[in-house]
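Please keep the sequence and the model in view while I speak.

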Amino acid sequence: MKLDPKDLVGVAVFLGALSVVVIHNGPFGHPAGHRVGVADAGGSVTAPVGEPATAFVDFNVLPMDRDVVLVHQTVLVRGRRIERVGDVASVEIPRGARIVEGHGALFLAPGLTDTHVHLRDTYETWLPLFVAHGVTSVFNLEGRPSHLALRRRIATGEQPGPSIYTAGRYVTGPEVRTAADARSEVARQASRGYDFVKLHGDLSAEAYRSLTEAGQDLDIPVVGHAPRNLPFSEVLEGGQVALSHAEEIIQTELRSLDAQSIASLADRVAESGMWIMPTLSHFDAVASQWGSPSAVEAVLASEAAAYLPEGLRREWRQNNVFLDADTADRERVLEMADFHRPLVRALHDAGVPLLAGTDTPIPTQAPGSSLLLELEALRDAGLSGYDALVTATVNPGRFVRTYVDAGAHFGTIERGARADLVMLGADPRGDLGTLRQPEGVMVRGAWYERVELDRLREGVAGSR
Ligand SMILES: [Zn+2]
């Protein structure tokens with residue numbers, strides 16, 4: 001078999017799309033969490049009636065617009081926005097506000113974003129796993145009309161879940177052959193309201209240039225794979241906004257895994273202005289299960305998979321193309337996985353903005369918890385704990401504000417930002433593992449205590 005993990009990923013996603021699970025209850029089983037056991041604000045002098053307020057009192061706050069922890073802070077949330085952040089003594093708490101005590105010991109970080117997920121048709125069963133793990137926004141990189149509807153239901157508060165930014169269907173040859181095909185596909189996706197155009201395969205040089213130009217003209221960012229039939233220089237010059245795997249650079253430019261070439265390549269990427277989703281954990285997952293059913297069984301038996309619905313468990317065992325991969329290629333795949341580390345480190349050092357993404361739910365990348373694997377892999381590559389967190393907080397917020405929605409404001413804890421918060425027992429910069437079990441999560445102002453997060457996870461574990 002010829003080695004081409006990208007093709008295998010494509011097949012895996014396609015096979016996964018065929019296994020549709022129908023669930024009739026809403027994914028979270030009960031109405032929005034923010035009303036659980038809580039007295040909403042209203043009637044006080046400082047609180048406009050109708051907008052519930054929550055005060056997080058005496059917390060260590062990671063604002064994530066700089067590498068600092070602000071101690072003894074109160075964060076006041078009104079409705080879906082952060083209204084104030086300030087010293088405990090300086091922030092007046094509106095009468096009737098729900099109060100969450102930090103006792104000067106707990107930490108508050110912005111909610112996390114997974115910038116590379118695939119909601120497919122099965123999301124209904126596992127969507128709550130994102131919130132349960134502090135993932136308050138996702139970039140869905142293969143979209144359907146049902147995802148536009150889901151995005152709207154979540155945005156209006158009709159359905160709980162992470163905020164969704166979604167691409168349309170994959171753009172790839174042979175469906176898109178000519179420059180005109182590419183332009184009309186971009187126009188079609190832009191007019192339907194998708195947030196990104198996702199390139200997912202080979203394209204002719206002519207169609208590729210037309211695709212990125214149309215993206216710029218129509219104000220919709222082109223993200224995704226590199227067309228592997230073209231030299232990577234075409235991608236760097238073409239204006240593609242983001243690359244959805246660092247692997248694309250290896251497959252098109254650094255196939256020889258020559259460490260000497262990394263630094264100059266990283267500088268060229270930085271000059272191009274392109275953003276990169278390293279998806280280190282995704283490639284690690286591919287490498288570790290390459291022809292190895294026992295690797296998948298080990299993950300399924302671990303804590304990370306304790307809350308997966310049956311459908312994903314079955315799919316990882318039975319519709320898993322990586323298990324059929326030729327073990328003769330295994331060594332090469334493991335070398336590629338190792339090579340990702342210095343590559344991503346060099347991209348970071350060169351100033352390339354990175355976005356944390358997992359490709360969940362491809363086999364062994366569990367929705368929600370795999371984002372922690374990605375952050376740990378980024379730190380393993382040489383990023384500081386803070387810089388790893390940047391890729392899942394302030395950077396996705398900046399990306400969306402720059403290319404998708406100028407009014408979006410998330411990924412930081414500051415006045416006016418979306419009230420997406422994760423409450424933690426320790427400083428995640430020094431201990432990313434504290435993200436494994438958040439003490440609480442707020443999604444667009446809806447608050448979930450630890451016990452409710454557990455309930456969300458357990459609800460998924462019992463589902464098909
Ligand atoms: Zn993907």
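Predicted model: local features only at pLDDT ≥ 70, side-chain atom pairs only at ≥ 80, totals over all residues.

Helices α10 and α14 are roughly perpendicular to each other, because angles of 65 to 115 degrees are given that description, while those under 35 count as roughly parallel, those over 145 as roughly antiparallel and the rest as oblique. The axes of α10 and α14, the latter being residues 370–380, cross at roughly 100° and come within 8 Å; axes here are lines fitted to C-alpha atoms, for helices over the stretch in contact, and angles run from 0 to 180 degrees between N-to-C directions. Helices are DSSP runs of H or I with at least four residues, strands are runs of E with at least two, and both are numbered from the N terminus.

Residues are numbered from 1 along each chain as its sequence is written.

Which residues of α10 and α14 meet? From α10 they are L280, S281 and D284, and from α14 they are S370, L373, E374, A377 and L378, where contact is taken as C-beta atoms, placed from the backbone, within 7 Å. The residues of this contact of α10 with α14 divide into 4 nonpolar, 2 polar and 2 charged, with Ala, Val, Leu, Ile, Met, Phe, Trp, Tyr, Cys and Pro counted as nonpolar, Asp, Glu, Lys and Arg as charged, and the others, Gly among them, as polar.

Let me turn to the other partner of interest. Helix α10, residues 280–289, also packs with helix α13, residues 330–349, at an angle of about 165° and with the axes 9 Å apart, which means that α10 is roughly antiparallel to α13. On the α10 side, L280, F283, D284, V286 and A287 take part, and they meet V333, L334, M336, A337, H340 and V344 in α13. The residues of the contact of α10 with α13 comprise 9 nonpolar, 1 polar and 1 charged.

Staying with α13, its 20 residues should span 28 Å at 1.5 Å a residue, and the end C-alpha atoms are 30 Å apart, which agrees; the expected span is 1.5 Å times one less than the number of residues. Among the buried residues of α13 are V333, M336, H340 and V344, where buried means 20 or more other C-beta atoms within 10 Å of the residue's own, exposed means 12 or fewer, partly exposed lies in between, and C-beta atoms are placed from the backbone. Just after α13, G351 takes a positive phi of about 95°.

By way of contrast, R317 in helix α12 is partly exposed, with 14 other C-beta atoms within 10 Å.

For the chain overall, the secondary structure comes to 17 helices and 15 strands, and buried residues make up 51% of the 464 residues.

Technical notes
Contact = placed C-beta atoms within 7 Å.
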